[in-house]
Amino acid sequence: MNIDMKELKDLVSRPGKYEGEHPIVPYLWDYSNTGEEVGKDSAGYDLLKFELDIEEIEAFPDVHEKCGNAVYLAEDAQGFVIQRFPDLEDEYRDACEVLGIVVSESLGLLEVASEEIRAQSDKVQAAAERLTKAKKNRGQ
């Protein structure tokens, strides 16, 4: 099959269900019958997974570079067809979860450190007061 990039780019550049998407989106949605239902993603979209063949990889090398051999598409409630990135979304969600744990643990450590700093500061202040008093008394 000959992939008409001009037509695909035109489809994504004008208002409509492919507006703002990559040209591979209308190509896969309209011309490819290889989409496999793979369930819902984290946002609740029903995903179709498209495995790219050699011709598609050659026609869309940037997509292959970013997504590997699999492209996921979904149709939203308004009828727009959108590319989804479930693996990257899972990675992002996992990273956010780990960040939350790190921040939580760090806040606990900061609380302990803050108490230590306060205690040490009190000791420094008491020592400074004793030193000042001793110097004052020595001069009498």
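## Ground rules

The model is predicted, so local features need pLDDT of at least 70 and side-chain atom pairs count only at pLDDT 80 or more, while totals for chains, interfaces and linings use all residues. Numbering runs from 1 along each chain as its sequence is written, and side-chain values use heavy atoms, with hydrogens and water left out.

## Salt bridges

How many salt bridges does the structure hold? There are four, where a salt bridge means a side-chain nitrogen of Lys or Arg within 4 Å of a carboxyl oxygen of Asp or Glu. As background, side chains of opposite charge can pair when their charged atoms come close.

One of the four joins D10 and R14, at 2.4 Å from N to O. Both ends get a burial label (buried is under 20% relative accessible area, exposed is over 50%, and partly exposed is in between, with a 1.4 Å probe and protein chains only). D10 counts as partly exposed because its relative accessibility is 37%, and R14 is partly exposed at 38%. Another salt bridge pairs E51 with K49, and here the closest N and O atoms are 3.2 Å apart. E51 is partly exposed, with a relative accessible area of 42%.

## The R84–D41 pair

R84 and D41 form a salt bridge through their side chains, 2.6 Å from N to O. R84 lies in strand β4 (residues 81–84), whereas D41 is in the loop between β1 (36–40) and β2 (46–51), and the two are 43 residues apart. Strands here are DSSP runs of E with at least two residues, helices are runs of H or I with at least four, and both are numbered from the N terminus.

Are these two residues buried or exposed? R84 is buried, with a relative accessible area of 14%, and D41 is buried as well, at 9%. Their side chains are also joined by a polar contact of 2.6 Å (a pair of N or O atoms within 3.5 Å; within protein, one must be able to donate a hydrogen and the other to accept it, and residues adjacent in sequence count only if both atoms are side-chain atoms).

## A nonpolar patch

Which residues make the nonpolar surface patch? L99, V103, L107 and L110 do, and the patch covers about 380 Å². Patch residues have over 30% relative accessible area and no salt bridge; like charges are joined within 9 Å, and nonpolar side chains (Val, Leu, Ile, Met, Phe, Trp, Tyr) within 5 Å. Accessible areas come from the Shrake-Rupley method with a 1.4 Å probe, and for residues only the protein chains shown count as cover.

L110 sits in helix α5 (residues 86–138). L110 counts as exposed because its relative accessibility is 53%.
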